[in-house]
Structures are given as C-alpha cells and as structure tokens.
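Below is a briefing on one protein chain.

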Amino acid sequence: MTRWAAWGVLVVAWAISAPASAGDLPGGTAAPMGEPVPPSAPALTPATPATPDLPASVTNPLSERLGLGLKPTFELRGRIEADAVVVSQSTSSKALIGDLQNGYGFRRARLGAQGTVGDSARWVAEVDFANGNFRPRDLYVGLTALPGLRELQVGYFREPFSLDGATSSRFITFMERSPLNELDPARDWGIAGRWWTENERATFALGAFRVGTSSGGFSSGDSGNWAITTRLTGLPIYSADEGTFRLVHIGGAFSHRVPLNGVVRYAPDAQSNILDVSDSPASPFLPTINIPASSQQLYNLQAAGVYGPLSVQCEWFGTVIQQIGDGPIFLHGAYVDASYFLTGEHRGYNRTDASFSNVSVLRPLVRTPGKSATGFGAVELAARFALGDFMSSNLPQPTSGPFASASQGARLLQTTLGANWYLNDYTRIMVNYTMATPEARGTPALPVHVFGFRTAIFW
C-alpha cells in the first residue's frame with residue numbers, strides 16, 4: 001500500500017467514526033478547517049425515529065450491572081453494654097428464693113453487619129459474644145421487591161409481638177425489659193410478611209415460626225412445634241414536622257403455638273449470678289413452671305404516647321395454656337412506664353417497624369483536642385410499675401427453683417426507677433433501681449432490691 005493510500009484509509013476511517021458536531025454542515029458535509037461555520041438549516045428529510053433505550057438487563061452483562069446498584073452493600077453494626085448489678089436480700093428472702101449473686105460483665109457484646117442488594121433485598125447478620133459464648137441474634141434476609149407486601153423476612157429474628165420486644169435494646173428506657181417480657185415469644189426461626197400503609201400510620205405483620213428454636217438459631221425434628229404470630233398497630237396521632245413532637249401508638253398481637261416436646265416452660269436460665277445474658281431472660285423472682293400442654297395462645301395489647309419530652313408506654317400480656325390431663329391455665333400481667341427528658345429531647349419512633357428508636361441529642365457532649373467540652377448531652381428520668389400474675393388453681397406444683405415448697409404459682413410486683421445520661425446519639429450511661437416483691441400462696445411477700453449500672457455504646 002502506497003503512502004497516499006494509507007492516508008486515504010485513515011481519513012475515511014476518521015470520517016466514519018467521528019461523531020456529528022456543531023461544525024458539520026447540513027446534509028453531513030463538514031466545514032473546511034479554519035472557515036466559519038454557517039448556521040444550521042432545518043433538515044429536508046424526515047427525521048429517523050430514535051432507537052429506544054434498552055433496559056440494562058439487555059444491554060449490559062452481569063459484571064456491568066453489578067456496578068449499577070445490584071452489588072450487596074456492607075455496613076458494620078454492633079453494640080457493647082457493660083453492666084454491674086448488685087442485689088440486696090434479707091435472710092428470709094434468701095431462704096425462700098435463693099441467694100442471688102451480684103453480676104459484673106457484658107450484658108451484650110454484639111458485632112455484625114447489614115446491607116442491601118439494590119432495592120430488592122436487605123440483610124442483617126449479628127452475633128453476641130457476651131459471657132464468652134457465641135449466640136446468633138438477628139440473622140435474616142428481607143425481600144423488599146415482592147408483589148403484594150412490603151417485605152418478606154426469612155431467617156432467625158424476633159417474632160412480631162409486643163412493643164417492648166419490638167424496640168431494640170439500644171433504645172429501651174430501662175436496663176431490662178419488663179418482667180412480662182417472659183410472655184413474649186422473642187426470637188425464633190421463621191418467615192414473616194410485613195405491610196404498612198403509604199403514610200406509614202398503620203402496620204401489619206404475619207409469620208410462621210418454629211417454636212423452641214435453640215439459642216444457636218437452629219431447629220430440627222419432625223414434630224409440629226410451629227407458631228402463627230401476628231401483630232397490628234396504628235398511629236392515630238403523629239406529628240413530627242413542626243412544633244412539639246407527639247404521637248399515639250396503639251396495637252395488639254396474637255400467637256397460636258404448639259409447644260416443643262409438649263411442654264410449656266417458664267423458668268430462669270441456670271446461671272451463677274443475676275446478670276442474665278440470654279436473649280429474653282425470665283424473671284429470677286418467679287417459680288420454675290413446667291406445664292404439659294397440647295397448645296398455647298399468647299395475647300398482647302399495647303399503647304404508648306409521646307408529647308415532647310414526656311413519654312408513656314403500657315402493655316398487657318396474657319396466655320391461655322391447654323394443659324394435658326387438667327384444666328386450662330391462664331397467666332397474665334401488665335406494666336406501665338413513663339419517662340421525661342429534662343433537656344428537651346424526645347423518644348424517636350420508627351413508623352415501619354412500629355417501635356421506638358434512637359434519641360436525637362440536642363446538645364451532645366463533644367470534646368476536641370485543646371478545647372473544652374461543649375454541650376451536656378441529654379438527661380432522662382423514668383419509672384415503671386409491673387404486675388405479673390402467675391397464679392392459677394390448675395398450675396402444677398413447682399418442683400425446683402424459687403417457691404419449690406410453696407403452693408401453685410406466684411405473683412410479682414416490681415417497681416423500677418431509672419436515670420439515663422445520653423452523651424450523644426450513640427452513647428449513654430444508665431442507672432436503675434428495682435424493688436421486686438414476689439409472693440406465693442402461703443409465703444410472705446419479701447422484697448428484693450437490685451441496683452444496676454450500665455455503660456452502653458452502639459453503632
């Protein structure tokens with residue numbers, strides 16, 4: 001090929017590949033270099049219809065689509081709660097329910113991650129290392145792009161039931177949930193659908209769960225120990241746009257359950273001190289009860305209100321147990337609590353989860369090198385009164401634990417006072433005092449005093 005032929009090939013190739021520009025003449029003739037470009041004239045031929053854009057799934061291979069929002073995101077999450085719990089008992093109390101030992105250590109030491117896969121799924125994986133043991137907490141996938149529902153959760157997670165249980169331990173007002181949390185099913189392996197309205201003023205959840213899932217999040221066997229659990233909530237009042245933050249939350253929940261191995265069991269876990277690191281600890285002041293049963297129903301009614309710094313929350317729990325070989329058993333209880341922020345903050349609220357969430361501290365305690373601290377954080381005072389009635393004429397005789405020599409059942413009165421200092425949105429110091437007064441038929445009501453201190457941080 002001659003030198004001039006090579007130059008010709010290059011010129012033709014450039015002309016074919018070069019995009020049209022403002023310097024092209026009408027009809028596609030390029031303006032000579034250095035000459036002024038004449039104004040463009042309207043095209044004399046009909047315009048060719050534009051080729052419609054094809055979806056990314058057709059035009060882009062998978063490797064490219066992963067870079068367009070379909071690659072799973074990853075974000076670390078966790079919490080650390082260091083506790084000191086001291087118990088004061090009389091000699092008579094120790095003789096009746098045992099000598100409860102003081103506890104010092106981590107109530108929770110969780111580490112995990114969370115993320116999304118585009119707008120079609122989210123995932124959470126979190127484990128707890130408190131007390132030197134490995135226990136899964138939330139391990140599930142939420143599918144968010146299925147027709148007919150907002151989210152489908154599959155894995156190991158909390159059953160949708162109480163307000164106290166739905167509120168994360170990061171945001172509960174007291175160091176521990178109320179003693180009625182013993183009637184909350186807590187975490188199990190299962191699948192649940194979730195719905196909420198467009199304005200997020202009402203939620204509904206319905207799921208099937210494997211009753212008696214181990215603390216390792218695993219269940220096996222051919223027995224039919226399944227539960228159907230559902231929760232419905234509403235926000236008749238919600239105002240967060242301007243002025244004083246206020247809301248009214250109401251709701252209810254129900255669960256029908258077939259107990260594992262045909263036994264409903266209420267008992268505190270075996271431990272050396274009062275600091276219980278289990279997922280949903282039972283009250284150490286109630287007797288150990290084992291009830292042979294064919295089925296069980298759990299009921300819950302919940303209500304809460306927030307008006308600026310003032311918050312009130314209450315719940316009623318009940319259960320009916322179809323006992324084998326004897327009549328049905330009814331156990332129930334309720335609590336009411338109130339809190340007030342002296343520094344003007346208010347409790348946060350998650351409308352799609354229908355639960356309380358993080359407190360936004362107005363003047364966080366911040367200290368930078370060479371400068372004094374600014375802000376004081378937030379201060380909250382709280383009080384809670386709870387009554388658990390675990391007395392029934394049909395209850396079997398306790399065989400071990402507290403009240404083993406007493407008659408059936410027990411009643412618990414419990415008062416808790418608390419003070420919380422939020423250094424910022426993610427760090428707080430908690431101080432609690434609890435007076436628990438267990439009472440069984442034929443035994444005196446003997447108070448137990450518990451003092452607790454916690455330093456908590458989460459992310």
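Helices (H or I, at least four residues) and strands (E, at least two) are DSSP runs, numbered from the N terminus. On that basis, Tyr 340 lies in strand S13. The model is predicted, so local features need pLDDT of at least 70 and side-chain atom pairs count only at pLDDT 80 or more, while totals for chains, interfaces and linings use all residues. Residues are numbered from 1 along each chain as its sequence is written, and side-chain values use heavy atoms, with hydrogens and water left out.

**Overall make-up**
- The protein chain has five helices and 19 strands.
- Of its 459 residues, 43% count as buried (under 20% relative accessible area; exposed is over 50%, partly exposed in between; 1.4 Å probe, protein chains only).
- Among contacts (heavy atoms within 4.5 Å) with a separation of 6 or more, 63% are between residues 24 or more positions apart.
- The accessible surface (Shrake-Rupley method, 1.4 Å probe; for residues, only the protein chains shown count as cover) is about 23300 Å², and carbon and sulfur atoms hold 63% of that.

**Nonpolar cores**
- A nonpolar core is a set of buried Ala, Val, Leu, Ile, Met, Phe, Trp, Tyr and Cys residues joined through side-chain atoms within 4.5 Å.
- The largest has 32 residues, and Phe 285 and Ile 321 have the most contacts inside it.
- Strands that each supply at least two residues of this core include S1 (75-88), S10 (263-266), S12 (310-323) and S19 (448-458).
- S11 gives the largest share of this core, four residues.
- Apart from this core lies another, of nine residues, among them Leu 235, Leu 247, Tyr 349 and Ala 354.
- Beyond four places in sequence, the contacts of Ile 321 include Val 264, Tyr 266, Ile 291, Pro 328 and Leu 331.

**Strand pairing**
- Two strands pair if DSSP finds at least two bridges between them.
- S13 and S16 pair antiparallel over ten bridges, and Phe 341 stands opposite Glu 380 in S16.
- S16 and S17 also run antiparallel, joined by 13 bridges, with Leu 381 opposite Ala 419 in S17.

**Surface patch**
- Patches are made of residues with over 30% relative accessible area and no salt bridge, with nonpolar side chains (Val, Leu, Ile, Met, Phe, Trp, Tyr) joined within 5 Å and like charges within 9 Å; a salt bridge is a side-chain nitrogen of Lys or Arg within 4 Å of a carboxyl oxygen of Asp or Glu.
- A nonpolar patch with about 870 Å² of accessible area together includes Tyr 307, Tyr 340, Leu 381 and Phe 385.
- S16 gives its largest share, three residues, and S12, S13 and S16 each supply at least two.
- Tyr 340 is partly exposed, at a relative accessible area of 39%.
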